[in-house]
Amino acid sequence: MAISLRYEAGVFVQGATRGDGATGEDVTANLRTIAVIPQRLQGGGWPAVLEVRGEVYMARADFERYNEQARLHGGKVLANPRNGAAGSLRQIDPKLTALRPLSFYAYGIGSVEGGALPQTHSGTLARLREWGFPVSELATVVHDVEGLLGYYKGIGEARDGLPFDIDGVVYKLDDYAGQREMGFVSRAPRWAIAHKFPAQEQTTVVESVEVNVGRTGAITPWALMQPVQVGGVTVTRATLHNADHVARLDVRNGDTVIVRRAGDVIPEVVQVVPDRRPAGALPWSMPTACPVCGSEVVREEGAAVWRCSGGLSCPAQRVQAVFHFASRRAMDIDGLGERYIESLADFGYLQDVSDLYRLGVEDLLEMKRRADARDGTTPETVRAGKVATKWADNLVEAIDRSRDTTLARFLYALGIEHVGESTAKALAQWFGDLRYGPPSSWPLFRRVPDIGGEVARSIGHFLDQPGNQQVIDRLLARGVRIGDTHAPNPKLGEHLT
Ligand SMILES: [Zn+2]
């Protein structure tokens, strides 16, 4: 992640992300936790104001060590070094940033006031090194096009052995006077050019096509493959994007495929090698039941995405389900942020939304103690016992208050695909009572004005899942009270039993 560091009289005063080039995010406190960034410049002769530009990164070995530890202690695993570095810099709590193994390279300067720098880029880099900045040892000065291409080739060969991921090299004109003369095209300098390496590809064998259930219930296929080295990284999984993509590629179990890793994004399957397909390999098809919860897997007409219809009962979806359930326009539970929901789910306090109504103050405090221990933060419960207790008291009270609700809010809170607030209101008005909902047939939902086929189908799928029904039953058993129950609309009457 590109950042700028500002030094005044040799002291680090502010650091920001590059942002849109004009306005970045102030991440000074987090940058102070990176040991290799000098807080004070060494030596002397620096300008009164000096802006240093560079890259915060996570070395591959540090990234792997961090994830190993995270797995061991049940912490969050980072997706890749780039996201790891960017996410770490954006942590709200600098103490969390400090736990991440971040490194830094300086590669240029921004504004300079009250002093002069060497007249070349290489001279400036040497000066930055003297002042205490880490500068890549790979930066060098070459001549002519042959020099550039030779450098590109050399780095390309060394690429897999570098301690960090790169996607190319950058050529800069060394002479600042020449840089000024060349100038800019709109905002891009004419004196600096990025030369990317081609995406890295390898061949391997697909052991099986698996699916992953996302937090919104979207089901995405991916390939489990025999381990293969792609650009210095061992790869065993590659994304297949969606069911249509699998069909287009026609990936089957046992197929030999070409896998590509571009930059540091998740590797993808590019194509199948048709003449190496094993005999008897069958085309892949989307499973009919969710691999996590067993609910039906459905797809909207014309949509690319398949979804698990067990929104309330599917463990893969529970964080999202609880987050939506507790939101202001749903059950309106104040003080239950997403991070708390994640921790409650991680430590087994929440299997589904109905478990909210079993939480006590002690559970919440225990969850917080465990989350603090896992994340390595100074336990707030120890530092400010009263604050934490008050938070837990307030939250339990807010959950209790949410028990009294309306049918429209309750229906909306269930998080049924396509059922927004106004649809929930219409359903509540027409049906009047929860017991007239399931197991009504789908056409009945369509009798409600403004409810189209897709919405009716979605409600039907949702209510048809036994898992969802059980959660609704538990919510009522644990004291959720719908206060505005009334008789159904007479136009429905003849169809209701
Ligand atoms: Zn599911």
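Is S208 buried or exposed? S208 is buried, at a relative accessible area of 14%. Buried here means under 20% relative accessible area, exposed over 50%, and partly exposed in between, with a 1.4 Å probe and protein chains only.

A word on the model. This is a predicted model, where local features need pLDDT of at least 70, side-chain atom pairs count only at pLDDT 80 or more, and totals for chains, interfaces and linings use all residues. Residues are numbered from 1 along each chain as its sequence is written, and side-chain values use heavy atoms, with hydrogens and water left out.

Back to S208. It sits in strand β9, residues 200-213. Strands are DSSP runs of E, at least two residues, numbered from the N terminus. The side chain of S208 makes a polar contact of 2.6 Å with the side chain of E210. A polar contact is a pair of N or O atoms within 3.5 Å; within protein, one must be able to donate a hydrogen and the other to accept it, and residues adjacent in sequence count only if both atoms are side-chain atoms. Leaving out residues up to four places away in sequence, S208 touches W222, A223, L224 and N253. Contact means heavy atoms within 4.5 Å. W284 is 76 residues from S208 in sequence, and 9.5 Å from it in space, C-alpha to C-alpha.

Next, another serine. S4 is in strand β1, residues 2-8. S4 is buried too, at 19%. Its side chain makes a 3.0 Å polar contact with the side chain of E51. Beyond four places in sequence, S4 contacts Q14, G15, A16, E51, V52 and R53. A16 is also the bridge partner of S4 in β2. β1 and β2, residues 11-17, pair antiparallel over six bridges. Two strands pair if DSSP finds at least two bridges between them. Two residues lie between the strands of this hairpin, and A9 takes a positive phi near 50°.

Now the cores. A nonpolar core is a set of buried Ala, Val, Leu, Ile, Met, Phe, Trp, Tyr and Cys residues joined through side-chain atoms within 4.5 Å. The largest has 61 residues. I333, L336, L356, Y357, F410 and L427 touch the most other members. A second, separate core of 26 residues includes I34, F63, L125 and F133.

Last, cysteines. How many disulfides are there? Zero, counting a disulfide as a pair of cysteine sulfur atoms within 2.5 Å. C308 is buried at 5% relative accessibility. C314 is buried at 0%.

Note on methods. Helix = DSSP H or I, 4+ residues; strand = E, 2+ residues; numbered from the N terminus.
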